[in-house]
Amino acid sequence: MIMMFAGLGAATETRTPEWIAGMHELLMKLDGELREAGELVASERLLDPSLATTVRFRDGAPLPTDGPFAEVKESLAGYWLAEVSEERALEIASQVVAYTEYPMEVRRVMDMSSEL
């Protein structure tokens, strides 16, 4: 899984329209490459974290609260789930980080089918 982190809204408010267009162009190019190569399993963009609800365990019961944190600097903005080598996943993440300067995380998905 290749996860993109960003401070949506605030992170792009100081960026030029050209920069934002370039970022979208890069993401769409990489998405297209993954699709064409048959490597893409799934990908999604996520809504702004201000629209999230976090359920925490408080006073012995689950309690839904607004947003993921009181103050969000960076949150998960979207992801690609791809069947690729770790080297390829790091190559993809590196291309995005080089342009956006936002962190990305590459993590293997646990295969539970062998456990069943």
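**Questions on burial, ring pairs and the nonpolar core**

Colleague: Why does D31 count as buried?

Modeller: The relative accessibility of D31 is 9%, and buried means under 20%, so D31 counts as buried. The model is a predicted one, and the value is computed from it. D31 is found in helix α1.

Colleague: What makes the link between the side chains of D31 and W80 a polar contact?

Modeller: The distance is 2.8 Å between the side chains of D31 and W80. The cut-off for a pair of N or O atoms is 3.5 Å, and the value of 2.8 Å for D31 and W80 is therefore a polar contact. A second polar contact, of 2.7 Å, joins the side chain of D31 to that of R35. Setting aside residues up to four places away in sequence, D31 touches L40, S43 and W80.

Colleague: E33 is also in helix α1. Why is E33 called partly exposed?

Modeller: The relative accessible area of E33 is 30%. Buried would need a value under 20% and exposed a value over 50%, so E33 falls in between and is partly exposed. Its side chain makes a polar contact of 2.9 Å with the side chain of K29. Beyond its neighbours within four places in sequence, E33 is in contact with E39 and R88.

Colleague: How many aromatic pairs are found in the whole structure?

Modeller: The search finds two. One of them is formed by W19 and Y99, and is stacked, with 5.4 Å centre to centre and 25 degrees between the planes. This pair links distant parts of the chain, with W19 in helix α1 and Y99 in helix α2, 80 residues apart.

Colleague: How do you know that W19 and Y99 are stacked?

Modeller: Two values are needed, because a pair of aromatic rings is described by the distance of the centres and the angle of the planes. The centres of W19 and Y99 are 5.4 Å apart, against a limit of 6.5 Å. W19 is buried at 13% relative accessibility, whereas Y99 is partly exposed at 28%.

Colleague: Why is the pair of W19 and Y102 edge-to-face?

Modeller: The ring planes of W19 and Y102 are at 80 degrees and the centres 6.2 Å apart. An angle over 60 degrees counts as edge-to-face, so that is the name for this pair. Y102 is in the loop between α2 and β6 (104-106), 83 residues from W19. Y102 counts as buried, at 10% relative accessibility. Together W19, Y99 and Y102 form one aromatic cluster.

Colleague: What makes R15 a charge over the ring of W19?

Modeller: The charged end of R15 is 4.1 Å from the centre of that ring, and the distance limit is 6 Å. The angle must also be within 35 degrees of the ring normal. R15 is listed as sitting over the ring.

Colleague: Which residues have the most contacts inside the largest nonpolar core?

Modeller: They are I2, M4, W80, V96 and M104, in a core of 19 residues. Two or more residues each come from β1 (2-6), α1 (17-36), β5 (75-82) and α2 (86-100), and α1 gives the most, with six. Among the residues I2 touches are W80, I92 and M104.

Key. Residues are numbered from 1 along each chain as its sequence is written. This is a predicted model: local features need pLDDT of at least 70, side-chain atom pairs count only at pLDDT 80 or more; totals for chains, interfaces and linings use all residues. Side-chain values use heavy atoms; hydrogens and water are left out. A nonpolar core is a set of buried Ala, Val, Leu, Ile, Met, Phe, Trp, Tyr and Cys residues joined through side-chain atoms within 4.5 Å. Buried means under 20% relative accessible area, exposed over 50%, partly exposed in between (1.4 Å probe, protein chains only). Helices (H or I, at least four residues) and strands (E, at least two) are DSSP runs, numbered from the N terminus. Contact means heavy atoms within 4.5 Å. A polar contact is a pair of N or O atoms within 3.5 Å; within protein, one must be able to donate a hydrogen and the other to accept it, and residues adjacent in sequence count only if both atoms are side-chain atoms. Rings of Phe, Tyr and Trp (its six-membered ring) pair if their centres lie within 6.5 Å; planes under 30 degrees apart count as stacked, over 60 as edge-to-face and the rest as tilted.
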